[in-house]
Amino acid sequence: MPRPKFQTLTEQMYYILLCLSRECCGMDIMERVPAMTGGRVRVGSGTLYNLLEQFAEAGMIRETRAEGRRRSYVLTEKGKEALSGEYRRICAQAWDYRAVFGEEEQP
Amino acid sequence: MKNRKWDFIPFSYYDRTSMERHLEKRAAQGWLLERMSNLGWYYKRTEPRRLHFTVTYYLRASQFDAGPTEEQREFHDFCLQSGWKLAASSGQMQVFYNEEADPVPIDTEPALELERIGKMMRRVLPFQFFLLVIGFWMGGSWLWSLTHSPIDLLSSAYNLATGAIWLMLFLWCAADLIRYFTWRHRAKKAAPLGEFVPTKGCHKLMLAMMAVTALALVYIFAADRKPGLRLTLVLMLAGYALMFLAVNGVKNFLKRQKASRSLNRGVTLTVDVVLAFVLMGGIMGGLLWGLRTGRISTMEELIEPSLSVEDLTGVEDDRYITRRQTDSTFLITRRSFHQDSSFDQRQAGENPVYLDYTIVDVHLPFLYNWCVEELLHDRDDWTAEMEDGEEVRLYTYMAADPEPWGAEQVWQRWWAVEDTPTGEWLLCWSGRIVELEPGFDLTQAQMTLAAEKLAP
């Protein structure tokens with residue numbers, strides 16, 4: 001059975017939403033995500049464009065400004081919930097890892 | 001030196017990987033894509049470069065748009081921000097290139113790409129399934145005819161050629177659909193792992209289909225000797241080409257005039273439907289006119305009957321009418337003759353004898369037995385229900401003495417119900433089969449005379 005959309009977030013979705021915790025222009029996210037992750041995560045322009053559209057449709061972000069074709073967005077309450085849900089899931093995973101391997105054995 | 005180049009490779013619409021590889025190869029040769037249309041892809045000369053190409057689909061775009069919408073431009077801006085320049089677009093298909101050595105791909109989330117291609121293909125698939133069913137029906141009928149009535153099929157250039165086209169259409173549709181659904185299945189499994197699966201369409205099979213279509217048309221031109229039909233075929237093809245150009249012309253004109261998408265779509269489709277009806281009407285009208293005025297004929301006037309009632313009976317009657325029909329290909333030539341009295345004569349109660357015969361010349365030996373079998377069994381489905389409810393065959397062929405005919409093999413048709421012979425014969429010589437159905441019993445002398453006239 002397919003999972004409900006955005007019940008869990010991929011890494012790219014997570015960082016896009018994280019960038020939008022403060023108002024941000026859509027196009028700037030492409031540079032902010034690699035900067036935030038030390039280049040580990042890169043978001044493609046098509047993927048970013050589609051995800052912004054889908055997040056907006058799902059009410060997870062809202063458009064705040066439009067200067068020509070540059071639109072800015074910010075996270076909504078629903079988006080914050082999704083982001084914090086994902087954070088808790090990642091924390092739980094980290095907790096489980098430590099429970100198995102202990103604090104001293106860091107990857 | 002040429003600065004522009006054109007090519008036409010019928011890639012499957014979803015087959016982004018093959019398109020990207022092709023465009024990268026062209027760029028390495030010094031040709032950069034600058035425009036796409038229904039007639040092919042157009043390139044401009046550049047320095048040979050190692051470029052990366054991405055073919056993606058912008059679902060809200062339409063081939064009827066006067067230009068990119070603001071939203072579409074925003075999408076292009078996003079791509080440009082990461083170094084992807086728009087090379088060309090056509091409808092939903094958008095082609096970008098990037099000069100960097102290791103650019104961030106436009107799509108980095110496989111699930112999103114899968115969803116987008118799935119939505120795009122939802123519009124294409126019904127049409128492709130429709131073609132599959134038509135191809136199966138027509139190609140299947142062609143194969144059935146090939147195995148059950150090869151003479152009908154292989155003696156007609158038109159049947160032979162069009163059947164091959166339908167069969168290729170079926171093969172392409174089936175192969176392309178299988179390829180697409182296989183890719184989709186694999187891509188669905190790979191998406192949760194963050195992996196992209198390359199696409200692989202069937203453009204080579206499509207090229208083969210186009211080659212078969214071109215060869216089939218050339219073959220009809222070369223093989224069909226019916227007066228006027230070549231001209232008819234040329235006019236039909238010209239009509240289709242004109243219709244294609246007119247519809248595209250209207251669409252592009254309205255685009256240049258900045259007409260809205262809905263207006264362009266409405267006008268273009270209306271022109272398409274109207275022209276299709278005009279073309280069909282023109283073809284039908286032209287054919288009827290050609291047949292009526294004798295400009296198109298079925299070659300009836302051009303073939304002389306080998307045998308006539310007068311030859312056999314020695315009685316001359318100029319009121320006889322001889323109907324003739326011929327079909328010929330490099331495989332089989334079939335000529336049929338039916339000599340009968342006129343309708344007025346029959347109305348007046350005069351019933352002179354008639355003569356029916358069909359001469360089948362088989363040009364390739366391996367087809368010979370196949371054709372004999374067809375003729376031996378061509379009335380197997382003529383049945384009658386007996387008093388006890390049993391269904392019995394009306395006719396059967398029995399081997400007869402070939403000596404009086406000077407033939408290699410001879411069969412005589414029998415009334416299976418009454419177990420009595422009819423006056424109908426199947427005569428076989430090397431390369432020629434004759435189905436002879438005189439309306440009277442032949443004497444020995446008449447058989448000898450008929451054999452002389454009908455033998456190869």
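**Figure 1. The open sheet of chain A.** Let us start with three strands of chain A, which make an open sheet in the order β1-β3-β2 with antiparallel pairing. The edge places belong to β1 (24-25) and β2 (61-67) of chain A; each has a single partner strand, so one side of each is left without a neighbour in the sheet. Helix α3 (residues 45-57) of chain A packs on this sheet, where the helix touches β2 and β3 of chain A. The direction of helix α3 makes about 120° with that of β2(A). Please keep in mind that everything shown in these views is a predicted model.

**Figure 2. A closer look at β1 and β3 of chain A.** Two bridges hold the pairing of β1(A) with strand β3 (residues 70-75) of chain A, and the sense is antiparallel. To find your place here, look for A:Cys25, which stands opposite A:Ser72 in β3(A).

**Figure 3. Chain A as a whole.** Stepping back for a moment, you can count four helices and three strands in chain A. A box of roughly 55 × 35 × 25 Å, taken along the principal axes, is filled by the C-alpha atoms of chain A. Chain A has 107 residues, of which 31% count as buried. Take the contacts in chain A between residues at least 6 apart in sequence: 47% of them join residues at least 24 apart.

Figure 4. A:Glu11 sits in helix α1 (residues 11-19) of chain A. With 17 other C-beta atoms within 10 Å, A:Glu11 is partly exposed, because a residue counts as buried at 20 or more such atoms and as exposed at 12 or fewer.

Figure 5. The largest nonpolar core has 52 residues, and the members that touch the most others are A:Ile16, A:Leu17 and A:Leu48.

**Figure 6. An open sheet in chain B.** Here is a sheet from chain B: three strands in the order β4-β6-β5, open and with antiparallel pairing. At its edges stand β4 (52-57) and β5 (85-90) of chain B, each with a single partner strand, so one side of each has no neighbour in the sheet. From one strand to the next, the twist averages 20°. The antiparallel strands β4(B) and β6 (residues 93-98) of chain B are joined by six bridges. A handy pair to look for is B:His52, which stands opposite B:Asn98 in β6(B).

**Figure 7. The domains of chain B and the confidence of the prediction.** Chain B is assigned domain 1 (4-98), domain 2 (243-297) and domain 3 (302-454). Between the C-alpha centres of domain 2 and domain 3 of chain B lie 47 Å. The mean pLDDT of chain B is 88, and 96% of its residues reach 70 or more. For the complex, the predictor gives an ipTM of 0.89 and a pTM of 0.81.

Conventions
Residues are numbered from 1 along each chain as its sequence is written. Chains are lettered from A and ligands numbered from 1 in the order in which they are written. This is a predicted model: local features need pLDDT of at least 70, side-chain atom pairs count only at pLDDT 80 or more; totals for chains, interfaces and linings use all residues. Two strands pair if DSSP finds at least two bridges between them. Two residues are in contact if their C-beta atoms, placed from the backbone, lie within 7 Å. Axes are lines fitted to C-alpha atoms, for helices over the stretch in contact, and angles run from 0 to 180 degrees between N-to-C directions. pLDDT is the predictor's confidence in each residue, from 0 to 100. A nonpolar core is a set of buried Ala, Val, Leu, Ile, Met, Phe, Trp, Tyr and Cys residues joined through C-beta atoms within 7 Å. Domain bounds come from an automatic or database domain assignment.
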